[in-house]
Amino acid sequence: MEIIQALSQVINPSTLLFIFIGVVIGELVGVLPGISSPAAIALLLPTTFTLAPGDGLAMLAGIWYGSSYGGIITSILLNIPGEGDSVISTLDGYAMAKQGQGALALGVSAFGGFFAGTIALILLQFVGPDIAALAMRFGPQEFFALMFLGLALVSWLSGESIIKGMISCGLGLLVGTVGGDIVSGESRLTFGFTVLQDGIGFVPAVVGLFGLGEILHTVGNKLDINHQMKISIRGLFPHGSQWAPTVWSTLRGTVVGFVAGVIPGVGPTNATFVAYAVEKGISRTPEQFGQGAIEGVAGPGAASHSGTIAGMVPLLALGIPASGTAAVFMGGFIIHGLFPGPLLYLQHSDIVWGLIAALYVGNIMLLLMNTLMIPVMVWVVSAIRPYLAPIIGVLTLIGAYSLSNNPFDIWLAVGFGILGYFFRIGGFPLAPMVIAMVLGRKAETALRQSLQISNGDFSVFMHRPLAASLIVVAFLVLLSPWLLALWRRYRIARSVT
Amino acid sequence: MISRVYRQALLSVDGLSGLFLTILGLFCSYEMRFVQQLVVWDESGPGPAWLPLVMSLILTVLGLKLAMSALLVRDNPSYSFSRPTLKYTILIMSLASLFPVIGGLSSLTLFVAMELWWVEQERMRFSIMVSLIVAFVVWFVFIRLLGVAFPLSPWGF
């Protein structure tokens, strides 16, 4: 079986070291509020260029996976979410910590996350190849329809305003067109600058948007930390009547997280909100939520981990990133000349199975770290936080420069950093822009191939049932604000008459 | 000419964003259609100008929608810039300018020292000490281990 062979190859000192480095960096990134997992992955993308593809991807996956737990630590102990998918853990997790049950909250999150991650990996193992095999029968029409729906969903579900989500997506698509056209070779939106002929570099743009943008937004904010706690191994486990609600909410969170994580635009962050809503909705004591209900920690914690792994399904099988972090992670493949999608399973199955095996190992490492090293993580928050701004600035510019040794990339990173800052204070989500930058050219190529087949006739999409259905759903998603507004007016008018 | 209320609304976050996007969309549309004059559509379907032109027009419409919605909503927040953010922006742009001139390592060291002293308000001696430590770590990890070719300073390092 491929996974057994992959595990035997992953268990060597070099690969284990890179997985460990990734998990440690991921936890630190998750714990530190000033830097997000896409920023950390983007900053380390160029360094993986010198590593073997398997080792580099294993390290980046460790960062992605480790950060989802690191954010939960500060959510529970300090009421400061380190990542988007740990925001919901502040509600009941911090309440539990104030009641002296912080260790229990952390233990439930750690063990629940390990369980959810393992189940999600098993599902990835079986579901991924089937979806990739199905996708081999897709033509350019289906691929365009899938990417169009993915972009529509991401615009709709990211952030508070669909208009701002669509703007972010549109900007990403526009940025993605800069440079030479793939089909005709003609320059687009280069304004005469030959340095833009190859397009806008993905790594400089992403390190600027996520790394510099975040630091510009948070620089000068002092983090006041004055919290101590002692952890005992026994305190990490539920006891007596706490077992049943913990186990059931972990199971539910695992399922919710996986289903939500697979859908582009939903991702682990929204999965945690859905899991919390489910737990509160079915609970016999909903008034306990927000006061330290263990289900409010276990369910979202499991959803966060399974949602993160689930994001690998559309990425590996279809080449469609389901979230901004997945889009940045996709850069790790592109740097090594690998392109996620159905052909990846066919031509580089060793890379895919090696990545899944690395995630299994990383999951175990994360469980050990999360049960033994929590006081170290909290200490790191207070020690490194004052120096984060200059360190991130240095890493951002090195990351932007080192890929092609071009000083222009530094200016690109600075420009996108300023754009990222304005995005944050303007309430524009970043994920649609990053995903659009990755998918835009592929979607355009698929569209033009489809229309070349039919000599410019758009009905070619209507002759393919799957493509037609996906495109109709995508248009409904994009038009939903106006359709909902019309529906509300209709309802008001009816109620008046 | 424009009342104070509308002026405030246009200078709000949504108003300024909408205006910027509208101008950007119109500019890119004009560039694609009239300056570069690339093919938008031919007998085989969309040409190279199709997607940039469509996206530019969509951004123009969305920008106008955002700006119009800002006019209809009272008490829109305004863009405000903290002093640390402005200082950091100045420093990072200076770093980008000096990077190829005085060398990669020198400019990064200077950036760290200035950031800690000017933005984080740390003591000068401490800022210099940390910047030298960071410089050593950058040299060891990126130049020595990973072989990144930073531009050299006029002094040879």
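**Figure 1. A:Pro432 in helix 20 of chain A.** In this predicted model, A:Pro432 sits in helix 20 of chain A, the helix that covers residues 431–453. Is A:Pro432 buried or exposed? A:Pro432 counts as buried because 31 other C-beta atoms lie within 10 Å, and the cut-off for buried is 20 or more. Look for A:Lys164 in this view too: A:Pro432 and A:Lys164 are 268 residues apart in sequence, yet their C-alpha atoms are 9.6 Å apart in space.

**Figure 2. A:Tyr421 and its partners from elsewhere in the sequence.** A:Tyr421 belongs to helix 19 of chain A, residues 407–426. Which residues does A:Tyr421 contact, once its neighbours within four places in sequence are left aside? They are A:Gly213, A:Leu216 and A:His217.

**Figure 3. Helix 4 against helix 6 in chain A.** Here helix 4 (residues 53–78) and helix 6 (residues 102–135) of chain A pack at an angle of about 160°, and their axes are 10 Å apart. That angle is over 145 degrees, so helix 4 of chain A runs roughly antiparallel to helix 6 of chain A. As for handedness, the crossing of these two chain A helices is right-handed. From helix 4 of chain A come A:Tyr69, A:Ile72, A:Ile73, A:Ile76 and A:Leu77. Facing them from helix 6 of chain A are A:Gly102, A:Ala105, A:Leu106, A:Ser109 and A:Gly113. Sorted by class, the residues of this contact between helix 4 and helix 6 of chain A come out as 7 nonpolar, 3 polar and no charged.

**Figure 4. Helix 2 against helix 3 in chain B.** Now for a helix pair in chain B: helix 2 and helix 3 of chain B pack at about 155°, with 7 Å between their axes. The angle makes helix 2 of chain B roughly antiparallel to helix 3 of chain B. What is the hand of the crossing of helix 2 and helix 3 of chain B? It is left-handed. The contact of helix 2 with helix 3 of chain B has 15 nonpolar, 10 polar and 2 charged residues.

**Figure 5. Two loop residues of chain A with positive phi.** Most residues other than glycine have a negative phi. A:Leu189 is not a glycine, but its phi is positive, about 50°. A:Leu189 is in the loop between strand 2 (187–188) and helix 9 (202–218) of chain A, and is buried, with 23 other C-beta atoms within 10 Å. A:Asn455 has a positive phi as well, about 55°, and is likewise not a glycine. Its place is the loop between helix 20 and helix 21 (465–496) of chain A. A:Asn455 is exposed, with 10 other C-beta atoms within 10 Å.

**Figure 6. Where chain B touches chain A.** How many residues does each chain bring to the contact? Chain B brings 46 residues and chain A brings 45. On the chain B side, at least two residues each come from helix 2 (13–35), strand 2 (45–46), helix 3 (50–72), helix 4 (83–102), helix 5 (104–119) and helix 6 (124–145). Helix 4 of chain B gives the most to this side, with 10 residues. By class, the side of chain B that touches chain A has 34 nonpolar, 7 polar and 5 charged residues.

Figure 7. Chain A has 21 helices and 2 strands. Its radius of gyration is 23 Å, close to the 23 Å from the globule rule for 497 residues, so chain A is as compact as a globular protein of that length. Along the principal axes, the C-alpha atoms of chain A fill a box of roughly 70 × 70 × 50 Å. Of the 497 residues of chain A, 60% count as buried. Among chain A contacts with a separation of 6 or more, 79% involve residues 24 or more positions apart. Chain B comes to 6 helices and 2 strands, in the order α-α-β-β-α-α-α-α along the sequence. Buried residues make up 37% of the 157 in chain B. Of the chain B contacts between residues at least 6 apart in sequence, 66% join residues at least 24 apart.

Conventions:
Residues numbered from 1 in each chain as written. Chains lettered and ligands numbered in written order. Predicted model: local features only at pLDDT ≥ 70, side-chain atom pairs only at ≥ 80, totals over all residues. Contact = placed C-beta atoms within 7 Å. Helix = DSSP H or I, 4+ residues; strand = E, 2+ residues; numbered from the N terminus. Nonpolar A, V, L, I, M, F, W, Y, C, P; charged D, E, K, R; others polar. Axes fitted to C-alpha atoms, helices over the stretch in contact; angles between N-to-C directions. Parallel < 35°, antiparallel > 145°, perpendicular 65-115°, else oblique. Left-handed = near helix turned anticlockwise from the far one by under 90°. Buried ≥ 20, exposed ≤ 12 C-beta atoms within 10 Å, placed from the backbone. Rg over C-alpha atoms; globule rule 2.2 N^0.38 Å.
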